[in-house]
Amino acid sequence: MVQSLNSNVCEERVFSNIFQTLSKDVHNFLRYKYGDNLNPKDKVQEAFIKLWDNCKNVSPEKAKSFLFTTANNMMLNEVKHQKVVLKHQQVKPKHYTNETPEFIMEESEYMKKYQRALGNLTEAQREAFLMNRIEGKKHKEIAEELGISRKGVEKRIYGALEKLRKEIDGI
Amino acid sequence: MKKELLIQKWLDGEINDAELSAFKALPEYASYAKLSEKAKLFEDTSYDVDFEYGKLNAIISERRQKTATPVKTLNWFKPLMRVAAILLVGLAIYYAPLYGDTTTVKTLASNQTTIQLPDNSNVKLNASSSLQYKKGDWENNREVNLVGEAYFDVAKGSQFDVNTWLGKVSVLGTQFNVKQRVNYFEVTCYEGLVSLKYKGKEIKLPAGKSFKVIGNEIIEDETKDSLPSWSNKNMSSFKSVPYSEVIQEFERQYNIKVETNNVDMTQLFTGSFALNDQELALKAITIPLELKYNKENKTKIVLTKE
């Protein structure tokens with residue numbers, strides 16, 4: 001057999017390719033689930049170092065599930081009852097219109113409520129909802145990535161949306 | 001129940017016009033729309049894949065050095081090793097014609113090269129790409145491994161496989177181009193027929209058709225050209241390709257670093273740039289998008305949205 005360029009994770013180009021393709025997904029997955037307080041970027045690094053250490057035993061096809069599982073386990077070790085907080089960008093004042101200070105304040109109040117409400121969702125809801133709303137992923141893609149049914153994804157996202165609305169609008 | 005279905009379709013981007021106006025008529029619509037719009041603000045735009053990779057690389061190369069500590073050898077061991085080495089060399093020479101070494105051809109940035117495979121097929125390798133095959137054992141191992149982009153002009157009646165990280169291409173006397181990037185895979189057939197394996201599915205690609213994967217999206221397209229433009233017109237061409245791919249191709253072709261400022265890298269770009277005139281190429285990729293460019297030094301260009 002040809003010593004394949006593509007079948008060995010120890011090969012730098014393959015490893016780099018895997019990093020380029022998957023690292024952001026792993027990062028987003030950790031962020032959505034556990035928030036920003038537990039340093040998702042560092043966990044991504046640690047997971048990839050683990051992959052490198054085990055590069056002889058993990059085939060490229062298995063790398064994805066290896067990374068997600070490893071990164072998830074690393075988080076679980078730390079997670080113990082932490083409140084999930086996701087940072088958000090500041091609402092930028094628009095250039096084409098003048099906004100009153102009241103309006104700007106209302107917006108920032110809204111974002112604060114939003115942040116709290118996101119923290120109160122279940123991990124599963126938050127993860128599916130943000131993959132859909134931030135990354136624009138289709139329900140089908142999310143289902144494949146999370147290994148659940150499409151119905152399940154729809155339920156999670158819809159549930160998340162309703163819960164957020166109730167909490168933010170105070171109904 | 002009806003409302004739930006409407007909202008699910010809307011979230012999935014599958015809603016039609018009639019359904020959309022029904023949804024917009026709901027009193028809660030404004031509230032949903034705002035929730036959806038503001039969700040995007042929770043994106044972490046600070047995640048820079050290249051930066052993170054640089055960081056990781058530093059840690060890993062440090063580890064590699066640590067593991068490569070010298071091992072003490074015993075005195076009686078040395079002569080024995082010599083004998084073993086001579087035997088090994090003898091065996092290697094004996095078996096070399098049978099198990100030829102793997103031949104690897106690599107191109108640097110802003111270089112192209114042409115290779116002839118043992119079956120007289122020609123391969124043109126684009127910049128920053130590499131190709132691997134077994135020269136001596138071609139009859140039993142009719143496969144090449146490709147990282148990057150290459151154009152294959154296959155000798156009549158010859159058959160082999162092209163393996164890439166993203167998919168496998170099987171050929172039978174034909175002409176085709178394979179382009180494999182980080183988040184991008186493209187196969188274009190110019191003559192004959194190629195068969196393609198992508199994620200377990202087999203796809204037959206006739207002449208004039210191309211198969212593209214951008215991220216997770218599959219796009220089938222057509223081409224009227226008889227050769228890829230980089231191989232005969234000295235141009236790199238793109239058709240509805242994310243701008244980030246165009247920039248990366250530019251970096252490979254001109255061996256230069258391009259930084260962007262406030263530029264939407266996901267927007268699609270259709271067009272081409274010259275491979276032999278950097279100034280002209282820069283204009284070709286910046287003017288249509290109303291971008292300004294600034295050559296900071298010989299190795300770095302910065303693009304800014306006006």
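Guide: Helices (H or I, at least four residues) and strands (E, at least two) are DSSP runs, numbered from the N terminus. Residues count from 1 along each chain as its sequence is written, while chains are lettered from A and ligands numbered from 1 in the order in which they are written. What you see is a predicted model, where local features need pLDDT of at least 70, side-chain atom pairs count only at pLDDT 80 or more, and totals for chains, interfaces and linings use all residues.

Let's pick strand E9 of chain B, residues 175-181. It is mostly covered, with seven of its seven residues buried (20 or more other C-beta atoms, placed from the backbone, within 10 Å of a residue's own; 12 or fewer is exposed, and in between is partly exposed). In a regular strand the side chains alternate between the two faces of the sheet. Here B:Gln175, B:Asn177, B:Lys179 and B:Arg181 point one way from E9(B), B:Phe176, B:Val178 and B:Gln180 point the other way, and both sets are buried.

Now for the partners of E9(B); strands pair if DSSP finds at least two bridges between them. Strand E6 of chain B, residues 149-153, pairs with E9(B) in the antiparallel sense over five bridges, and B:Ala150 stands opposite B:Val178. With E10(B), the pairing of E9(B) is antiparallel too, over seven bridges. There, B:Phe176 has B:Cys189 as its bridge partner. E9(B) and E10(B) form a hairpin, and two residues sit between them.

What packs against this hairpin? Helix H7 of chain B does: its buried residues pack against E9 (175-181) and E10 (184-191), and also against strands E15 (235-242), E16 (257-261) and E17 (268-274) and helix H8 (278-286) of chain B. Packing here goes by contacts, with C-beta atoms placed from the backbone and lying within 7 Å. H7(B) covers residues 243-254, so to speak 12 residues, and reaches 17 Å from its first C-alpha to its last, close to the 16 Å expected at 1.5 Å a residue (1.5 Å times one less than the number of residues). Its buried residues are B:Tyr243, B:Glu245, B:Val246, B:Glu249, B:Phe250, B:Arg252 and B:Gln253.

With 11 C-beta neighbours inside 10 Å, B:Ser240 counts as exposed. You'll find another case at B:Asn120, which is not a glycine but has a positive phi of about 75°. B:Asn120 lies in the loop between strand E2 (113-116) and strand E3 (122-125) of chain B, and is exposed, with 11 other C-beta atoms within 10 Å.

Follow E16(B), and you reach an open sheet of three strands, in the order E16-E19-E18 of chain B, with mixed pairing. E16 and E18 (291-297) are the edge strands, each pairing on one side only. From one strand to the next the twist averages 25°. E18(B) pairs with E19(B), residues 300-305, in the antiparallel sense over six bridges, and B:Asn297 stands opposite B:Lys300.

What about the other chain? Chain A has seven helices and zero strands, and buried residues make up 34% of its 171 residues. The contact between the chains takes 44 residues from chain A and 37 residues from chain B. Helix H1 of chain A gives the most to its side, with 11 residues.

One spot in that contact is worth a stop: helix H7 of chain A (150-169) packs on helix H3 of chain B (29-39) at an angle of about 105°, with axes 10 Å apart. The axes are lines fitted to C-alpha atoms over the stretch in contact, and angles run from 0 to 180 degrees between N-to-C directions. H7(A) and H3(B) are therefore roughly perpendicular (65 to 115 degrees; under 35 is roughly parallel, over 145 roughly antiparallel, the rest oblique). From H7(A), A:Leu161, A:Leu164, A:Arg165 and A:Asp169 meet B:Ser31, B:Tyr32 and B:Leu35 in H3(B).

Notes:
Two residues are in contact if their C-beta atoms, placed from the backbone, lie within 7 Å.
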